[in-house]
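My entries follow in the order in which I made them.

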Amino acid sequence: MQTVVLAAGQGTRMRPLTDATPKPMLRAAGRPLLEHTLDRAADAGASRFVVVVGYEADQVRDHFGDSHRGLDIAYAEQTAQRGTADAVRAAAPELDDAPFVVLNGDALYDPESLATLYDSGPAVGSYRVDNPSNYGVLQLDSDDNTRVTGVVEKPANPESNLINTGSYVFPATAKDRLDVSTSERGELELTDVLETVCGETTVTAVPFDRWLDVGRPWELLAATEWLSESLSRRLDGTVSDGATIEGDVVVEAGATIKAGVTIEGPAYIGEDATIGPNAYIRGATAIGAGANVGHAVEIKNSVLLSGATVGHLSYVGDSILGRGVNFGAGTTVANLRHDDKPVEVTVKGERVSTGRRKFGVVVGDKAKTGINTSLNAGVVVGTEMTTTPGEVLTRDRRE
Ligand code: TTP
């Protein structure tokens, strides 16, 4: 089935990691989120893709070109990010007169459930959560509890814990229902299109076994953890006889693992990365292309994007380091509160629980720390920001 993939958003909740990168191009387990989505859609039954691009569109186009796994990709440009209905409207001229699937380019869907969605008639992917008030909650027909009648956004008193995953099979006629009015939060929403379609035809809720919306920085760690489960051991780079590589570890061609390094999989080491000597990498860690992890450095359950350097005597736990970040010798990250409560991070000016007992820091592209910097759990360091030698950062440094 023809598949529209939304990848035009600005990813404001993911800042500073999205200051210069579209969110769907952030890498989890070595590959952009959007590539994982296209792969899973291809496996589930996509026949061709219409990728809606907008924010930093060229990065998406340059990476994928005009096909993926033998399936054509057409691009639709959404010039201003006015909402998901507007994004699909931008894609409409590229669609044939047939049913179409819509997926978010920054969400992960479990392959089996996605295949079921593709095999369904008009449908919406649903998922059960503990905190439905944070999502769009599906309203179901009282006589037929697989039939969707509508969606209530972030209800104070949700009538169920079944939420909208943002994945849909629309009938061809939905192309004529894309002109919606602006919602309370000021966007043109695809859920309003869904509501119209629900009034015209039967739309079924297809339950997903697993789903992850990657909207905030710590969700990039969750994505990496999930995708790391399917890594299979492959050592294409140069691995010293004096290194210990345990479990499902991928070392890409051109990467160098020096003596004294221990890597406990699952872990991903990108092309031309250099690890060691004497470094320790564990948890679901992904080290990007050209990154450098030096002597006596421990990296646990973290993502280092391309070109990041942690050169000497450092600890990085449960953290995300942007492209070209440089940690001075002795930089140490805290990833646990003394009161054992979930670590909080400021997202768009508000303190938000990550839900994680262990979470370290988020560091924007090209930021640099001075030697012996201490970074407290939940701290965000903005793009190109710096710290002085010996500095203890207990608050964000965004500008
Ligand atoms: P969101 O995650 O709601 O929006 P976003 O990606 O811009 O992130 P943030 O809220 O942090 O600013 O969007 C859901 C999906 O829809 C996502 O894949 C991006 C896409 N999208 C568009 O393509 N165009 C749009 O105008 C909007 C709002 C989203």
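Before reading any volume, I noted the term: a pocket is an open set of grid points, with protein on both sides within 12 Å along at least five of seven lines. I also noted that the model is predicted.

**Entry 1: the second largest pocket**

I looked up the space in the second largest pocket and found about 390 Å³. Its lining comprises 22 residues, and M25, R27, G30, A289 and S306 are the closest to the pocket centre. I then listed the elements that contribute two or more residues to this lining: β2 (27-28), α2 (57-64), β24 (285-287) and β27 (303-304). Sorted by class, the lining holds 11 nonpolar, seven polar and four charged residues. I checked the domains as well: domain 1 (2-215) and domain 2 (228-393) each supply at least three lining residues.

**Entry 2: the ligand**

I next asked which residues surround the ligand. There are 19, with Q10, T12, R13, Q78 and G83 the closest. By class, I recorded four nonpolar, 10 polar and five charged residues in this shell.

For Q10, a polar backbone atom is 3.0 Å from an oxygen atom of the ligand. For T12, a polar side-chain atom lies 2.5 Å from a ligand oxygen atom. For Q78, an N or O atom of the side chain is 2.7 Å from a nitrogen atom of the ligand.

How much of the ligand does the protein bury? I found 87% of the 560 Å² that the ligand exposes when taken alone. Finally, I noted that β1 (2-7) and α3 (84-91) are the elements giving two or more residues to the shell.

Terms used
Residues are numbered from 1 along each chain as its sequence is written. This is a predicted model: local features need pLDDT of at least 70, side-chain atom pairs count only at pLDDT 80 or more; totals for chains, interfaces and linings use all residues. Side-chain values use heavy atoms; hydrogens and water are left out. On a 1 Å grid over the protein atoms alone, a cavity is a set of points where a 1.4 Å probe fits but cannot get out, and a pocket is an open set with protein on both sides within 12 Å along at least five of seven lines; lining residues have an atom within 4 Å of a point. Grid points are joined across faces, edges and corners, and a volume is the space filled by probe spheres set on the points. Helices (H or I, at least four residues) and strands (E, at least two) are DSSP runs, numbered from the N terminus. Ala, Val, Leu, Ile, Met, Phe, Trp, Tyr, Cys and Pro count as nonpolar, Asp, Glu, Lys and Arg as charged, and the others, Gly among them, as polar. Domain bounds come from an automatic or database domain assignment. A residue is near a molecule or strand if one of its heavy atoms lies within 4 Å of it. A polar contact is a pair of N or O atoms within 3.5 Å; within protein, one must be able to donate a hydrogen and the other to accept it, and residues adjacent in sequence count only if both atoms are side-chain atoms. Accessible areas come from the Shrake-Rupley method with a 1.4 Å probe; for residues, only the protein chains shown count as cover.
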